[in-house]
Amino acid sequence: MKKISQVIFHAALLAALTLIAPLPARGQKPVMIGVAGPAVNLTYAYLTQDAGLWRKYGVDARVVLFESGSTLAMVARTGEVSFAINSGPTVIAARTQGADSIMVAATVNTLPYSLITAKSITSWNQLKSKKVGISRFGSGTDTAIRLVVKKFGLDPVKDLVILQGGTQPSRLQAVLAGSLDATLVSPPLDLTAKKQGLNILVNLADLGIPYPQLVIETTERFNREQPLMVKNFLKGFIAGIFYAASHKEETMKTITKYLKTDDPEILEATHKSFLQVTDYTAMPNIEGIRNAMDEVAVRMPAVKNKKPEDFVDTRFLKELEKEGFFKQFQKKS
């Protein structure tokens, strides 16, 4: 409990430092939205918040930044955040262990990372016995590196030395300093790495591996007690991903603000990556969830007794589809 309390305190501190909108009047409690980063994935949440799209649907949302997906997952179990924008494996692991965590949507159903390597590493064989950095064990980057190296004939346990390295910027610096040989980063850091002389061994998005990279996590209890809140939250977030596609300039401003870059080439590449990996149906991909389950099962065999459908609740998305919510965006696209 002490450890969780410390995490919550850290989250509250981060919230105070990162919230942009003013505090609600008369003591109204805002809905806390957890994101893991800094990475391109967090842009959707901040864009949705700053464009007032959650407010449009009656949700007073505040985005809170966490260092990694696994840290966010810990806090999500306490109820301190109502929605966690995270990767699928964290939900799968938690639910397998007895938590009532559940995915209600997924807007990136493939791996959006690039594997960057030191200047001397230009082939997969050269990656053997090298130090590869991830954020934390059990995080999305952990699962991603294991999936992709298997695709290229390497054993992630026998052939690599996988190390925890914190945030994407800190791992990039570690590769530049020589303390790591490779790591996974998402746009715009892949282009930043290339400009600094590192290699991009593979762009994972080009491989099209089904995988629940960006999911919206709630709990079954929250879904029961606050169904309208869940539905309105999804309305705002889905409006946000369509907004990113149709409002390029505003999206680039958000990327500049939160990812601290104003390089035109990097901004262009980042926006392009949005269009490449986003699933505008927001529907979780069952094959991708199965891939994530296979990876989680390596350290948590009980997952094998479950089905991919056990980890998702798509009733809110189905209601929105039935009500014609998505049609307004299709007309504009």
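This briefing describes a β-sheet and a set of salt bridges. The structure is a predicted model. An open sheet has 5 strands with mixed pairing, and a search of the whole structure finds 13 salt bridges.

- From one strand to the next, the twist averages 20°.
- Strands β4 and β10 (residues 210-219) run antiparallel and are joined by 7 bridges.
- The bridge partner of T110 is P210, in β10.
- Helix α2 (residues 42-50) lies across β1 (31-36), β2, β3 (83-86) and β10, and runs at about 155° to β2.

**The salt-bridge network around E295**

- A network of salt bridges links D142, R146, K150 and E295.
- E295 and R146 form a salt bridge through their side chains, at 3.8 Å from N to O.
- Because E295 lies in helix α14 (residues 286-297) and R146 in helix α6 (residues 140-151), this pair ties together parts that are 149 residues apart in sequence.
- Both E295 and R146 are buried.
- E295 also forms a salt bridge with K150, with the closest N and O atoms 3.7 Å apart.
- K150 lies in helix α6 and E295 in helix α14, so their pair ties together parts that are 145 residues apart in sequence.
- The relative accessible area of E295 is 5%, whereas K150 is partly exposed at 45%.

**The R315–D313 pair**

- The side chains of R315 and D313 form a salt bridge at 3.0 Å, N to O.
- R315 is partly exposed, with a relative accessible area of 35%, while D313 counts as buried at 16%.

Technical notes. Residues numbered from 1 in each chain as written. Predicted model: local features only at pLDDT ≥ 70, side-chain atom pairs only at ≥ 80, totals over all residues. Heavy atoms only, no water. Pairing = 2+ DSSP bridges. Helix = DSSP H or I, 4+ residues; strand = E, 2+ residues; numbered from the N terminus. Axes fitted to C-alpha atoms, helices over the stretch in contact; angles between N-to-C directions. Contact = heavy atoms within 4.5 Å. Salt bridge = Lys/Arg side-chain N within 4 Å of Asp/Glu carboxyl O. Buried < 20%, exposed > 50% of the residue type's maximum accessible area, 1.4 Å probe, protein only.
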